[in-house]
Amino acid sequence: MTERRVRVRILNIGIETGTPNAQLFLTILAGFAQFERELIRERTRAGLAAIRLAGEWTLQRDSREAASLESLLSKHSLMCSI
């Protein structure tokens with residue numbers, strides 16, 4: 001947006017993206033969003049691991065489906081870590 005000289009003004013909180021204060025605010029906001037996304041991913045993996053350990057993994061219809069689910073999860077984590 002800055003390359004095209006576009007500015008966004010958020011009226012209810014008094015932020016205009018062209019100022020250093022607003023850029024700092026948006027950077028911090030993006031950091032919190034990324035942090036929350038990582039927490040959700042971590043909790044999901046921990047929950048799946050707990051279910052597997054408890055032997056309550058009910059989605060496994062056969063070994064191929066389990067392998068494809070694991071493959072999908074690992075591909076997703078690789079894409080999200082970039």
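This passage walks through the fold, the confidence and a few surface details of a predicted single-chain model.

Some ground rules come first. Residues are numbered from 1 along each chain as its sequence is written, and side-chain values use heavy atoms, with hydrogens and water left out. As the model is predicted, local features need pLDDT of at least 70 and side-chain atom pairs count only at pLDDT 80 or more, while totals for chains, interfaces and linings use all residues.

The chain holds two helices and two strands, laid out β-β-α-α from the N terminus on. Helices here are DSSP runs of H or I with at least four residues, strands are runs of E with at least two, and both are numbered from the N terminus. Confidence is tracked by pLDDT, the predictor's own score for each residue from 0 to 100. The chain averages 79, and 74% of the residues score at least 70. Helix α1 comes out highest, at a mean of 91, and helix α2 (residues 63–80) lowest, at 66. Where pLDDT is low, the predicted coordinates should not be read in detail.

Buried means under 20% relative accessible area, exposed over 50%, and partly exposed in between, using a 1.4 Å probe and protein chains only. The accessible surface (Shrake-Rupley method, 1.4 Å probe; for residues, only the protein chains shown count as cover) comes to about 7,300 Å², with 60% of that belonging to carbon and sulfur atoms. As for contacts (heavy atoms within 4.5 Å), residues 24 or more positions apart account for 13% of those with a separation of 6 or more.

Ile13, Phe25, Leu26 and Leu29 make a nonpolar surface patch of about 330 Å². Patch members have over 30% relative accessible area and no salt bridge; nonpolar side chains (Val, Leu, Ile, Met, Phe, Trp, Tyr) are joined within 5 Å, like charges within 9 Å. Phe25 sits in helix α1 (residues 20–54) and is partly exposed at 35%.

The whole structure has two salt bridges, each a side-chain nitrogen of Lys or Arg within 4 Å of a carboxyl oxygen of Asp or Glu. Arg9 pairs with Glu16, with the closest N and O atoms 3.0 Å apart; Arg9 is exposed, at 57%. In the other, the side chains of Glu38 and Arg41 meet at 2.9 Å, N to O. These two are three residues apart in helix α1, so about one helical turn separates them. Glu38 is partly exposed at 34%, whereas Arg41 counts as buried at 18%.
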